[in-house]
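Hello,

Here is the structure I promised to pass on. Have a look at it first, and my notes follow below.

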Amino acid sequence: MAELTISFTLNGERREVRTAAHQTLLALLRDELGAIEVKDGCGEGVCGTCTVLLDGEPVSACLLLAARAAGREVTTVRGLAPVGTLHPLQEAFVAHGAAQCGFCTPGMILTAYAFLRNHRRPARDDIRRAISGNLCRCTGYAKIVDAIEAAAAEAAPASPAAGRG
Amino acid sequence: MAKRPAAVLPAAALRVVGRPIPRHDARDKVQAATLYAADWQMPGMLHGAVLRSVYPSALIRRLDTSRAAALPGVAAVLTARDVPNNTLWTDVPGQTSAVGALRARIQVLADHVVRFQGEPIALVAAETPEAAQQALEAIEVEYEPQPGVFDPEAALHPGAAQVHEEGNLLARWHVERGDAAAALATADVVVEGTYRCQFIDHAYLEPEAGVAWIDADGVVTIRVATQVIEHFRDVADVLGVAHNRVRVIGTYVGGGFGGKEDVTVEVFLGLLASRTRRPVRMVWSRQESLLARPKRHPFLLRYKTGASRDGTLTAQSVELLADSGAYAFLSALVLMYATVTAAGPYRMPNASIDARVVYTNNPPTSAMRGFGAMQMVLGYESQMDRLARRLEMDPVAIRARNALRKGDRLPVGQELETHVAVAEAAARAWAALGPRRAPSAPHRRIGRGLACNIQSYGRIVWLHDWASAWVGFEMDGTVVVRTGVPDVGGGQASSLCQIAAEVLGVEPDGVAVHIGDSALTPLAGTTTATRQLYMSGNAVLQAAAGLRAQLLPVAAQMLETPADRVTLRDGGAADAAGRRAAWPAILRECARLGVPRSFLGVYHAPAGDPIDLDRGGGRIFPDYTFGAHAVEVEVDTETGAVTVVRHVACHDVGRAINPQSVEGQIQGGAVMGLGYGLMEEVLLDRGVNLSTNFAGYLIPTALDVPDVEALLIESGEGKGPYGARGIGEPPIGPPAAAIANAVEDAVGVRITELPITPERVARALGLLSAG
């Protein structure tokens, strides 16, 4: 089996690894690099549990060959805040009861994080559209939308003076 | 009846219970620090995999594992011959055994015959997941396909293929009250309906997984995602070892919903670890999970409902036929739950309920949230709506007229001993819909529907259910709770922290909770049957109250005041004058005096003798939770698409220990019910599963459902701690029926088969040709 060496950035840290050419990014992260914060829910790009950010954009790690990450930045949920601290979005998920079983949570938070960078005061429908690629079987989504909405409000106060674009 | 501990305070005085606080596990979960079953690794760990039948009904003529076993990196290949006791009994899992006649066999690994597609035939353990897959492919199986039976009605015909030797009828329950036939013959109005509901999958996001190893003293230790750590006994029985030589450690579970109630990977892991004497991990793929795990029972429901002209119900006649698939699992009990609730949450002087569940060569069916009771809602609530239409009555008024009340009896004879909130919930949910909205386009129609439900919480009373919990103080004044509760994401463990904190006068974050270890935590029973807050909540309450009673005299002595003048708060004890003793000092004094700093609480649920359903006997469940959902839908008259635009869910939760968790249960359950009503279905073609991936098996996304508004009624009359009722299962019941009722309100057609897809609605509207 063909192998190759790739280097990429994982949560701000440069990594160089040997990987089989057919290996997915999900398998590389979970099995080789111990990044078990990335969850495997379906392996076919439908459920969104394995979402990571690739150069800031959410992707399904199960559908991406590891080699495609070469030279790029991969961010998992552990890359959002220094160890032991929470990003405000994570704080909002805690405060609003947005995590029940927690299995969809890492992917859900990353999708929401990427979305909020480009949407300062999204409507609930826009939030729902943004997370529609991340399945949750526990919450019925309402508290997830609550959390994302609250995090957006905190990051972008309603005052018109506060905002640029 | 267990005595209510003295530490229970009126709601106004509660300090921690009733607060919507974040759960203790939430910070870990948002950082992905929670170690789920598949995240666990051990040194030298092997990877296990299962070979599954490709046919739904076949004989195995030849099974040759020699080539697979010889492959490099393969540590073990096991077939039925290698399993010491190749039978799992479909007992009710948990701490109580022996439901006698309900016992039925499931083969651990197929021995000569396979009865459903996906049935396990062989196990492998190998150095890598890839080597394990190669080994599976190298196992040679020669099948001789057999005729099967795939339709429950056909399964009862003479000459139908027999799934098991004992015949295809697995179980039958019958309830008679009054004379339903006579009452129907003389009723002013009779409404008849036949309804069908489908196979669905639990579709939790975490596929089944676990890791097993042989620990010190030869104890087979299995760390697994399960709702039932008591399956350690099943593993031991299959392995042929003593029960005290198997330990199950339950992980935080990535969703259960009944799908992790029967054994999943743990028996296979026990076999592979025992054979190889090495750690083994097994993680099922999504495809494997959808293919082979038990589903929700499809039911055929035939209803005849009689009423007088003023809308008073006089009779309910119900015939039920459910599909158990190829094995019994919990089918007989699911059918019993269906039978007990089939008449609905209404006063019913005459009822005749006849229920059967049969074997087929479809995938097995077993526990899923709602457990037989939820399927009935489509029947009795569609009937109520038809009756209301016939009599030109308001949907709330007809329900209020007939709603069960405290003191009424169910058709099985059980008297309802606590508050029954059916009428109140219906009125509140309906009113909360607010003004009717306008359609979003001229070819769309708005409609509203209401559905009430009854769902038991706690296990059947003759199972003599119990739960235990240990609560203790560490010397620094922090609190530890130990209990064998599996936390499946419903906030099970966190609510226990709140209860202990309430009683002991500490903050919830000062309580550490250790859960779900069959060797190290006092057993608490299964996280199923909406029983965990009820049962383990009462056990923790009892333990904490017992501990409090032990410590108060010590504190009183230190404060030189009577014990009844001492309050526990702010890190210690205080007397009426504000003199304080901090916990470390009190606990040191306890140590000096030899007063124990822990207490083991054991809660026994109200028990009763088995009843004969035929004759009606009385109590069958500890208690019930009642609720009502109201929905507003928009139906597209060109496509048949149904969109739920508003959903209000109201339940009497007794007391919300943590309102945030309760709302989460209600919203999540309601959305799962919407998926059941609108889109979910495991499609089968003569036993072959066509829904084995998430691209084909659709569950609701955030775009498919509205914000569900949860309305809590707190009657304070539940049998759980502080008057709480169970709320895990109840919210999944009403949505499908509420949608069916709303569709008729919108476009005048009655949909009787789930899911209510655009195609079914379009067909009913005459937009498609029949056939």
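Two strands count as paired when DSSP finds at least two bridges between them. With that in mind, and remembering that this is a predicted model, let me start with strand 10 of chain B, which is joined to strand 15 (residues 299-307) of chain B by nine bridges, the two running antiparallel. Across from Val190(B) you will find Gly306(B), in strand 15 of chain B.

That pair belongs to an open sheet of five strands in chain B, ordered 9-17-16-15-10, with mixed pairing. Strand 9 (169-177) and strand 10 (189-197) of chain B are at the edges with a single partner strand each, so one side of each has no neighbour in the sheet. From one strand to the next, the twist averages 5°. Helix 9 (residues 331-341) of chain B lies across strands 9, 16 and 17 of chain B, at about 20° to strand 9.

Now for the helices. In chain B, helix 6 (residues 232-239) packs against helix 7 (residues 266-276) with the axes 9 Å apart and an angle of about 45°. The two helices are therefore oblique to each other, and their crossing is right-handed. Among the residues that meet there are Val235(B) and Leu239(B) from helix 6 and Gly270(B) and Leu271(B) from helix 7. The contact comprises five nonpolar, two polar and two charged residues.

Finally, the interface: 40 residues of chain A contact 41 residues of chain B. On the chain A side, helix 2 gives the most, with four residues. By class, that side has 21 nonpolar, 11 polar and eight charged residues.

Best wishes

Methods
Residues are numbered from 1 along each chain as its sequence is written. Chains are lettered from A and ligands numbered from 1 in the order in which they are written. This is a predicted model: local features need pLDDT of at least 70, side-chain atom pairs count only at pLDDT 80 or more; totals for chains, interfaces and linings use all residues. Two residues are in contact if their C-beta atoms, placed from the backbone, lie within 7 Å. Ala, Val, Leu, Ile, Met, Phe, Trp, Tyr, Cys and Pro count as nonpolar, Asp, Glu, Lys and Arg as charged, and the others, Gly among them, as polar. Axes are lines fitted to C-alpha atoms, for helices over the stretch in contact, and angles run from 0 to 180 degrees between N-to-C directions. Angles under 35 degrees count as roughly parallel, over 145 as roughly antiparallel, 65 to 115 as roughly perpendicular and the rest as oblique. A crossing is left-handed if the near helix is turned anticlockwise from the far one by less than a right angle, and right-handed if clockwise.
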